[in-house]
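Hi,

Here is the structure I promised to pass on. Have a look at it first, and then read my notes below.

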Amino acid sequence: MRQQWTTPRLLGSLLLVAVVGISCVGAAPAGEAKAAPAVVPLGQVIPAPAEVDAGGTPYEITSRTLIRVADDSREARRIGEQLAKVLRPSTGYRLPVTDEGGRDGIRLEISRKAQELGAEGYRFESGRRGVTITAKEPAGLFHGVQTLRQQLPPRIESDSRQEGPWKVAGGRIEDTPRFAYRGAMLDVSRHFFTVDQVKRYIDQMAMYKVNKLHLHISDDQGWRIAIDSWPRLAEYGGSTQVGGGKGGYYTKAQYKDIVRYASERYLEVIPEIDMPGHTNAALASYAELNCDGVAPPLYTGTSVGFSSLCVPKEITYDFVDDVIREIAAITPGKYFHIGGDEAHSTPHEDYVKFMDRVQPIVAKYGKTVMGWHQLTGGNPAGGAIAQYWGYDQTGQAERDQVVAAAKKGTKLVLSPADRSYLDMKYTKDTPLGLAWAGLVEVDRSYDWDPGTYLTGAPESSIFGVEAPLWSETISTSAHIEFMAFPRLPGIAELGWSPAATHDWDAYKERLAAHGPRWDALGMEYYKSPKVPWPAS
């Protein structure tokens, strides 16, 4: 898997983060940067919409604009208030959210009759009198609002008054996602990230219709969530991190706050407790989890594969049951990730026995198993999701094992390390990140098709994509942004947009237009020379 916002202002106020030791300025981009258009052409957003019919008079947001929602929809009102919080500082307009009827302004409508839009799709219609966003479900309405944000000039994201006009191109968009699962993973174990830092990243993900937040909350270097029945896991096992910093952990109240914040942006939190390997923090906290009954010291390095829970001991399964029970109780989402990668210190026979014992525990507490693709080397439970993180150097036998499981019904989330791992260096000179899977510039990260990537796996077996960010070298929000942007929006597009829209030459032009938007948001990002960023 990895061999050796106060409330933020992306949907709210953005916490500005000072960057130490990172240059965001890449080499001058090839080709001439283009000036931003007066009106963002309809559909020139990320992810690319499924259908765009541009034309007609643009709508202009003015001081008289109202945001209209139905009086019986609490979620539509909340989405409207979120939109207003984005638009008010830069426009200087009041933009009241009202349930008064009317055909003008910005209309946010949930219509159960719009069956063709599914759970996350939306319809976007813009003309002289207003903009109407229609969805069958609140998640679709939220995604449509993200499209509206991107149809406005980048300076709309500023937290101070800017000059207009604020025009939205005329026409119609109808948009639904290609894949149900579009995720991003944050490793809070190697380095700990605070609640506000996680919220900041949630807002950045949500702008690009990412709908899953995979939190890697335990590993050799740190245990990051309080477990009442095993308190030393967090108190002792969470007391350090890579390099020996103070670490940290989430109380249950803090974890629930993250879950709530994510759900209000229509992201499902998927907790991961990695096992049987990547468990040194737990083994150091409780000696009885070790086969020899001796607790190892806390670990602050970056090597992998040396730790293992004791498979023969019954207390191991009491421990696993308690941990899954307590986390499942505060996680409303469907999935529980049990890791399962790089268990080099666990004999294969023991690995299979362990997974056969643990998967029913996940089901016992009402969750569906997720695991890294090594899970397919055993007996994946019915409905289990395997997350493939292989890359060009992965052996054919391992790929064949995953494909065979997919053909038998195991769904796959694709996270190829040499395409979607956000902790891989862009170039050899990138000041952060690792390079064991190769160098991953933004074009390589974008230029692949999830539907055909894993030869032999039916496209129907592909549940979606995920962009993991491992934190061996990542310790601040600025680091997260620098490594995630501009690559994360491309992974999000691969998950959302029809395969026919995937074209690097066209995509890099749309991507370039997001540089000024990220500047307005106070974000740090890598100015790849592959992208024709606008002149400052």
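This is a predicted model: local features need pLDDT of at least 70, side-chain atom pairs count only at pLDDT 80 or more; totals for chains, interfaces and linings use all residues.

P516 is partly exposed, because its relative accessible area is 30%; buried means under 20%, exposed over 50%, and partly exposed in between, with a 1.4 Å probe and protein chains only. You'll find P516 in helix α15. (Helices are DSSP runs of H or I with at least four residues, strands are runs of E with at least two, and both are numbered from the N terminus.) Setting aside neighbours within four places in sequence, P516 is in contact with P154 and P534, where contact means heavy atoms within 4.5 Å.

Residues are numbered from 1 along each chain as its sequence is written, and side-chain values use heavy atoms, with hydrogens and water left out.

Next, helix α14, which covers residues 504-512. Its buried residues are W504, Y507, R510, L511 and A512. What do they pack against? The partners are α11 (442-446), α13 (487-496) and α15 (515-520), and α15 is the helix that holds P516.

Then there's T430, which sits in the loop between α10 (417-420) and α11. Is T430 buried or exposed? T430 counts as buried, because its relative accessibility is 5%. Its side chain reaches the backbone nitrogen of Y426 at 3.1 Å; that's a polar contact, meaning a pair of N or O atoms within 3.5 Å, where within protein one must be able to donate a hydrogen and the other to accept it, and residues adjacent in sequence count only if both atoms are side-chain atoms. Leaving out neighbours within four places in sequence, T430 is in contact with K425, F482 and M483.

Now zoom out. The protein has 15 helices and 19 strands. Its radius of gyration is 23 Å, close to the 24 Å that the globule rule gives for 536 residues, so the protein is as compact as a globular protein of that length. (That radius is taken over C-alpha atoms, and the rule is 2.2 Å times the number of residues to the power 0.38.) Along its principal axes, the C-alpha trace spans about 75 × 50 × 45 Å. Buried residues make up 61% of the 536.

Cheers
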